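I'm opening my notebook on this one. Below is what I looked up, roughly in the order I looked.

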Amino acid sequence: MSSGIFTEWFLPGVWITIQVTLYSAALAAVVAFGVGIARTHRLWIVRFVAGTYFEIFRGTSALVFMLWMAFAFPLMFGWQFVPMAAGVLALGLTYGAYGSEIVRGALQAVTAAQREAGIALSFTRGQRLRRIELPQAWPEMIPPFNNLLIELLKGTALVSVISVADMTFAGNLSRLATSESAPAYTLLLVCYFVIAFALTRGMRALERKAKAGLGQTPKKGPLSGLLSRKLNPEGEMSQARAGTAGGQG
Amino acid sequence: MSSDFTPSQKDAAQPESRAAGSELIRFDNVTKRFGDNVVLDDLEFSVSAGKHVTLIGPSGSGKTTILRLLMTLLTPDEGTITVDGDYLTHEERGGKLVPAGEKHVREVRKKIGMVFQQFNLFPNMKVLRNITEAPVHVLGLSKDEAEQRARELLELVGLTEHIDKYPLQLSGGQQQRVAIARALAMRPQVLLLDEVTSALDPELVAGVLDVLRDIAHSTDITMLCVTHEMGFARDISDDVLMFNEGKVIESGPPEKMFNDPEHERTREFLSAIL
């Protein structure tokens, strides 16, 4: 890749890719929690509306939706998004729909016993959700969210077709301008991998922190201790039992 | 654990209850079915304030269902339940009895606390917050008041040194004692105990029962207890109710029920488990 394209297009493109990933992930997270919680609501109409959203966005192509946002929407409504906004909206709404399935599943995996304990203490439904169910479901959501985030990162390459100058756009430009396809695309693959790897490490740290918040000892990993707190380093159960015996004396 | 408390500890478990002796809980013609299975059959019984009542009977006879109905985890198919003069699952609107709204149910059930077989502590909260969460966010106590109450109760159940641990870092017996403190922190008038030692290793049972004995003897809280620990039932109960097929077939003070039961089915049941 010639140095002009590299510094003028590729390096800014990396930053654009990271930006699109972060903005879409933020939007997807909001949609995932909103729709996911709505899909466990006690009123059928709320579940129905949220379920319809999920089915529609799961069943349509993110690429086609992005093209629709960029090219059909302006024709229909006489108003257009800047290309990056169209890309972020399409990715965020689509991946948010997938994410809602993760939120719903994790909430439903919180045991009935926890719900009953919340009822027995007269918490309202909202309080139970916020103080009991979501905090317990959260650690279970992180590994599938990590998968989805990686999918989203790779999905951001789609924005290059609506002329957002991300790093894939720069790679294509390099092929067209200099016919150096091999180094350009190889570099792209490596870049996506490096960003994905960094995201995975971050999510692992988040997961360990979340598990520690449930009193579970985090698993050891290369970066363990980065964000996680160390809990009860000695054999916790034997210690606890010794405590019980003492307490009953 | 010794049974003589300082006054403040005694106060911690003291419910704001009525004069002892008045009727606190009443089941009127309560029927509960699961599909075709009639679990409670036109049940009629009442419990006076301050009494400790143990429900015994074979499994499937409806004992736990009674506790779950009182905690509003289930609703009766027929009949009404009143607690301290208020309908539990119904409310009066325009002179008619209609199924209660969420708000009414929440108010009435503040008078009732429950300890579960599997403890059901919140794993995402440390011991202290497990106990203070509901007093702060449901009863509206200040954080300081709630923590003060929690510390007194933890002393009562002998777990002061574990205040800063997560439930998963405690043994089953310790978790159950925290669960007892958590229920008492709401100052309920009625404490429901649903086979609270059944999930514990045998060596941990005594500690939990000791705590409950202390509470039973040192407070005037009303207790409804489902248990297979007959020694414990004999110690704390004012009345024992024998259930069979969704009905109370015999009731009386523990001495009579355990030594000289009248009903054939009670004799059979007791000889099978004692």
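I'm working from a predicted model here.

**Chain A, overall.** I went through the secondary structure of chain A and got nine helices and zero strands. Next I checked burial: 37% of the 249 residues in chain A count as buried. I also looked at contacts in chain A between residues at least 6 apart in sequence, and 71% of them join residues at least 24 apart.

**Chain A, a helix pair.** I picked helix α3 (residues 62-77) and helix α4 (residues 83-108) of chain A. Their axes come within 9 Å and cross at roughly 145 degrees, and the crossing is right-handed. Which residues meet there? From α3(A) I noted A62(A), F65(A), M66(A), M69(A) and A70(A). On the α4(A) side they meet P83(A), A86(A), G87(A), L89(A), A90(A), L91(A) and T94(A). I sorted the residues of this contact into ten nonpolar, two polar and no charged.

**Chain B, the sheet.** Here I found an open sheet of six strands, in the order β8-β9-β10-β3-β11-β12, with mixed pairing. On average, neighbouring strands are turned by 20 degrees against each other, direction ignored.

β11 (residues 239-244) of chain B pairs with β12(B) in the antiparallel sense over five bridges. In β12(B), E250(B) is the bridge partner of M242(B).

**Chain B, a helix on the sheet.** Last, I looked up helix α6 (residues 172-184) of chain B. That helix lies across β8 and β9 (190-194) of chain B and runs at about 175 degrees to β8(B).

Key. Residues are numbered from 1 along each chain as its sequence is written. Chains are lettered from A and ligands numbered from 1 in the order in which they are written. This is a predicted model: local features need pLDDT of at least 70, side-chain atom pairs count only at pLDDT 80 or more; totals for chains, interfaces and linings use all residues. Helices (H or I, at least four residues) and strands (E, at least two) are DSSP runs, numbered from the N terminus. A residue is buried if 20 or more other C-beta atoms lie within 10 Å of its own, exposed if 12 or fewer, and partly exposed in between; C-beta atoms are placed from the backbone. Two residues are in contact if their C-beta atoms, placed from the backbone, lie within 7 Å. Axes are lines fitted to C-alpha atoms, for helices over the stretch in contact, and angles run from 0 to 180 degrees between N-to-C directions. A crossing is left-handed if the near helix is turned anticlockwise from the far one by less than a right angle, and right-handed if clockwise. Ala, Val, Leu, Ile, Met, Phe, Trp, Tyr, Cys and Pro count as nonpolar, Asp, Glu, Lys and Arg as charged, and the others, Gly among them, as polar. Two strands pair if DSSP finds at least two bridges between them.
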